[in-house]
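I opened the model today to look up strand pairing and pockets. My entries follow.

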Amino acid sequence: HLTGDIHAVSAANNLLAAQMDARIFHELTQKDGPLYDRLVPKIKGVRKFSPIQLRRLKRLGINKTDPDSLTDEEKTRFARLNIDPKQIMWNRVVDLNDRYLRKITIGQSPTEKGFTRETQFDITVASEIMAILSLGKDIDDIKERLANMVVALDKNGGPVTADDLGMTGALLVLLREAFEPTLMQTIEGTPVLVHTGP
């Protein structure tokens, strides 16, 4: 697996894709109240927003920090991303060119309750995450770029980002070992730094 960077990008990319599909499924199968309660659960009787949830509230123009102070309309706006399945731009990736994965149908298991959609696989090095890992200046820059990745559009045509899905921290954890170049050697024994997609 050479430096492991391609594997890290595959894992991060596909985790984001899985989270997006799970979010679509939960929004289709749950009412507003239970969905909000799952996103902001009471822990030992206390409900609290995480930092990433506070960022989402700020983007929505909701200047509240107490989860119990939101109106029903604000709770719905916060909890529902309303991703348009026809406007999803984020594909899963695999590190080989497999022509039979260029167009697939997902969600065919009975547990998905008939919510299928067409999608495709891309090759791992074409992932936006690979570009961010290659071009990022430092961890803060990489974090900001990951947070701002647009993965789909909502039903009103607005962007849905990785940060909206609450995934920025998880992506950073999967990529942390791939931030720095790897010291390797050529077959002649010359030192060489290899970074991201060779």
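I counted two strands as paired if DSSP finds at least two bridges between them. Strands (E, at least two residues) and helices (H or I, at least four) are DSSP runs, numbered from the N terminus.

The model is predicted: local features need pLDDT of at least 70, side-chain atom pairs count only at pLDDT 80 or more, and totals for chains, interfaces and linings use all residues. Residues are numbered from 1 along each chain as its sequence is written, and side-chain values use heavy atoms, without hydrogens and water.

**Strands.** I looked up β8 (residues 150-154). With β3 (residues 83-88) it pairs in the antiparallel sense over two bridges. Ile88 has Ala152 in β8 as its bridge partner. β8 also runs antiparallel to β9 (residues 159-161), joined by three bridges. Here Val150 is bridged to Thr161 in β9. Four residues lie between the strands of the β8 and β9 hairpin, where Gly157 takes a positive phi near 90 degrees.

**Pocket.** I used a 1 Å grid over the protein atoms alone; a pocket is an open set of points where a 1.4 Å probe fits, with protein on both sides within 12 Å along at least five of seven lines, and lining residues have an atom within 4 Å of a point. The largest pocket holds about 320 Å³ of space. I found 17 lining residues; Gln19, Arg23, Leu39, Gln53 and Leu165 lie nearest the centre. α1 (5-29), α2 (32-39) and α3 (51-60) each give two or more residues to this lining. The largest share, four residues, is from α1.

Notes:
Grid points are joined across faces, edges and corners, and a volume is the space filled by probe spheres set on the points.
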